[in-house]
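Dear colleague,

I am handing over a structure that you have not worked with before. Please have a look at it first, and then read the notes below.

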Amino acid sequence: MEQKNPEKIPNWKSDFPISTEKATHISRREFAKFLGLLSGVLALSNGAIVIKALAFPSKPLEGDHFVCNEDEVPVGKMIQFEIQGDMVIPYILIHLQENEWRAFEQKCTHLACAVRYREEEQKIECPCHNGWFSADTGEVLQGPPPRPLPQLEVVRKEGKVYVRQAEEPYAT
Amino acid sequence: MSDFRASQNKAHPNKTSTIMTGIILLLILFVSMQIWFLFGALNNALEENLYFALTTFIGSLLLALASFWLLRYLPDPIRTVWKK
Ligand code: FES
């Protein structure tokens with residue numbers, strides 16, 4: 001209907017009154033400005049990491065934490081436990097052999113899947129991407145994880161199992 | 001009457017387009033490098049490697065400043081009226 005009247009500006013033209021050339025030019029300017037903004041945001045977030053590292057360093061675990069009684073975990077088995085700090089961190093406690101205990105963080109260092117001890121392999125497995133850790137030291141044996149599992153020191157007193165911060169973070 | 005700038009723009013209509021493309025490509029390069037830095041810093045922050053975080057932050061900041069500075073060279077919006 002409107003096309004028949006040559007005097008009237010068609011709707012689409014009044015909706016988009018800018019010529020194509022100008023439109024692309026402007027949107028590319030906007031895009032470039034957006035990239036500049038993005039660049040600033042990325043620099044800021046990089047700064048946030050530094051501030052976080054400087055102002056809120058992760059505190060080492062203090063004192064001994066009771067986990068369970070020795071007879072609750074038979075040789076070759078593991079249990080999960082948690083330690084309440086500023087964050088709840090899940091750990092696994094492994095009874096490797098008679099008088100051999102290990103405690104590792106349960107989160108895989110790759111993408112934080114839950115790892116578990118495989119008795120028949122005597123290794124720690126991350127089922128998500130087939131990552132394997134040494135059950136003795138927490139080192140990566142195979143697969144994508146980039147770092148060894150963080151380890152705690154296990155102390156046993158009067159038939160009870162406690163964990164505490166290891167002397168070195170990744171003591172072997 | 002047209003001035004020198006107007007004649008230039010008429011004679012080389014692709015020039016602003018080329019400049020714009022160059023600027024955008026450079027910006028994309030900067031932003032990609034910053035993403036790479038950020039990724040590395042996040043990974044290393046988990047290992048408490050402060051030195052790495054600091055270095056990438058400074059690098060990222062310099063790149064951001066370079067990006068802002070590049071924006072100064074964006075061609076002006078096209079003006080419809082060339083005539084005086
Ligand atoms: S999350 Fe453990 S291997 Fe990927």
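**Strands and chain contact**

In chain A, Tyr117(A) stands opposite Ile124(A), which lies in β6(A). The model is a predicted one, in which local features need pLDDT of at least 70 and side-chain atom pairs count only at pLDDT 80 or more, while totals for chains, interfaces and linings use all residues. Residues are numbered from 1 along each chain as its sequence is written, chains are lettered from A and ligands numbered from 1 in the order in which they are written, and side-chain values use heavy atoms, with hydrogens and water left out.

β5(A) and strand β6 (residues 123-126) of chain A run antiparallel and are joined by three bridges; strands here are DSSP runs (E, at least two residues), numbered from the N terminus, and two of them pair if DSSP finds at least two bridges between them. Both belong to an open sheet of four strands in the order β5-β6-β7-β8 (chain A), where the pairing is antiparallel. Its edge strands, each pairing on one side only, are β5 (116-118) and β8 (140-142) of chain A. From one strand to the next the twist averages 40° (axes are lines fitted to C-alpha atoms, and angles run from 0 to 180 degrees between N-to-C directions).

Chain A also has an open sheet of six strands, again with antiparallel pairing, in the order β1-β10-β9-β4-β3-β2. At its edges are β1 (65-69) and β2 (78-84) of chain A, each of which pairs on one side only, and neighbouring strands are turned by 30° against each other on average, direction ignored. β2(A) is joined by seven bridges to strand β3 (residues 88-97) of chain A, the two running antiparallel, and they form a hairpin with three residues between them. Within this pair, Ile79(A) stands opposite Leu93(A) in β3(A). Strand β9 (residues 151-157) and strand β10 (residues 160-165) of chain A pair in the antiparallel sense over six bridges, and Val154(A) has Val163(A) in β10(A) as its bridge partner.

As for the two chains, the contact (heavy atoms within 4.5 Å) takes 24 residues from chain A and 37 residues from chain B. The area buried between chain A and chain B (the accessible area, with a 1.4 Å probe, that two parts lose on being put together, summed over both) is about 2,600 Å², and carbon and sulfur atoms give 73% of it. The count of salt bridges between chain A and chain B is zero, a salt bridge being a side-chain nitrogen of Lys or Arg within 4 Å of a carboxyl oxygen of Asp or Glu.

Best regards
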